[in-house]
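Hello,

Here is the structure I promised to pass on to you. Please open it first, and then read my notes below alongside it.

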Amino acid sequence: AGHRLHHAHSDREMDPHNSKKGFWWSHIGWIFRRDPKMGKFESYSRYARDLAADPFILFLDRQYVPLQVALGLLLLFWGGWSYVIWGIFVRLAFGWHCTWLVNSAAHMFGYQTYESRDESRNCWWVALLSFGEGWHNNHHAFPRMARHGIRWWELDLNYLAVRVLQAFGLVWDVRL
C-alpha cells in the first residue's frame, strides 16, 4: 500500500518518503514519523485492496515478527548465535537499507531515461545492491512492468528470478 501511495504522489507532499524532504527523510526518517491514518488497516488497505483481500499476504503481514522469531530459533539450533546474527539481524538490516536506498538514492542520483513527473533515477549501484530495483526511473515510467532493467547493461536479477519462476509455472501473467 505504501508503494502504491508513493507512486500516486511521487515526490509530492502525500508521498510517504518524499525525496524533496532530503536524503535522510526519504531513506529512513519517514519510518519514524508516519501519517497516523496510514497506520490503520482500513486506511492503507484502500491503496491495495487486492493485497488486503489475499489471505496469504495478510498472514505474512500479521505474522511477520513471529515468523522472524521462528526462523531465529531454527537458526540458533542449526548453527548457533552467529547464524542468528547473520540470518536475522544482518539480513534484515541489509535488506531494509537496500530497499530504502531505492526510496532515497534512486530519487537523487543517476540518470533519467524517461521523462516522469517525479525525481526517480536509474542508479546503477542501487540496482546492484537491490538486484535491479535501482533502475527506478524505468520502474516509474512503466510501473506494472516486471522488468526494471530495460537496456542491455541494466542488470535485473529480480526479473531473471521472475522468469525462472514463470518457467516452473509458479508465477503467471507477467507483464512486460
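**Around Ala-146**

Ala-146 sits in the loop between helix 9 and helix 10; helices here are DSSP runs of H or I with at least four residues, strands are runs of E with at least two, and both are numbered from the N terminus. Before going further, please note that this is a predicted model, in which local features need pLDDT of at least 70 and side-chain atom pairs count only at pLDDT 80 or more, while totals for chains, interfaces and linings use all residues. Residues are numbered from 1 along each chain as its sequence is written, and side-chain values use heavy atoms, with hydrogens and water left out.

Ala-146 counts as partly exposed because its relative accessibility is 26% (buried is under 20% relative accessible area, exposed is over 50%, and partly exposed is in between, with a 1.4 Å probe and protein chains only). Leaving aside residues up to four places away in sequence, Ala-146 touches Asp-156, Tyr-159, Val-174 and Arg-175, where a contact means heavy atoms within 4.5 Å. From Ala-146 to Gln-63 there are 83 residues in sequence and 27 Å in space, C-alpha to C-alpha.

**Helix 7 and its partners**

Two helix pairs may interest you. The axes of helix 6 (residues 64-79) and helix 7 come within 6 Å and cross at roughly 140°; axes are lines fitted to C-alpha atoms, for helices over the stretch in contact, and angles run from 0 to 180 degrees between N-to-C directions. Helix 6 brings residues including Tyr-64, Leu-71 and Trp-78 to this contact, and helix 7 brings residues including Trp-81, Ile-88 and Arg-91. Sorted by class, the contact of helix 6 with helix 7 holds 11 nonpolar, 5 polar and 1 charged residues (Ala, Val, Leu, Ile, Met, Phe, Trp, Tyr, Cys and Pro are nonpolar, Asp, Glu, Lys and Arg are charged, and the others, Gly among them, are polar).

For helix 2 (residues 23-32) and helix 7 (residues 81-103), the axes come within 8 Å and cross at roughly 130°. Helix 2 is therefore oblique to helix 7; under 35 degrees would be roughly parallel, over 145 roughly antiparallel and 65 to 115 roughly perpendicular, with the rest oblique. On helix 2 the contact residues are Phe-23, Ser-26, His-27, Ile-28, Trp-30 and Ile-31, and on helix 7 they are His-97, Trp-100, Leu-101 and Asn-103. In this contact of helix 2 with helix 7, 6 residues are nonpolar, 4 are polar and none is charged. Trp-25, Ser-26, His-27, Gly-29 and Trp-30 of helix 2 are buried, and the buried residues of helix 2 pack against helix 7.

**Cysteines**

How many disulfides are there? The count is 0, taking a disulfide as a pair of cysteine sulfur atoms within 2.5 Å. Cys-98 is in none, and the nearest cysteine sulfur, that of Cys-123, is 12 Å away. Cys-98 is buried, at 7% relative accessibility, and Cys-123 is buried too, at 2%.

**Two positive phi values**

Phe-131, in the loop between helix 8 (124-129) and helix 9 (136-141), has a phi near 60°, a positive value in a residue other than glycine. Phe-131 is partly exposed, at 44% relative accessibility. Asp-173 follows in the segment after helix 10 (157-167), with a positive phi near 55°. Asp-173 counts as exposed, because its relative accessibility is 67%.

Best wishes
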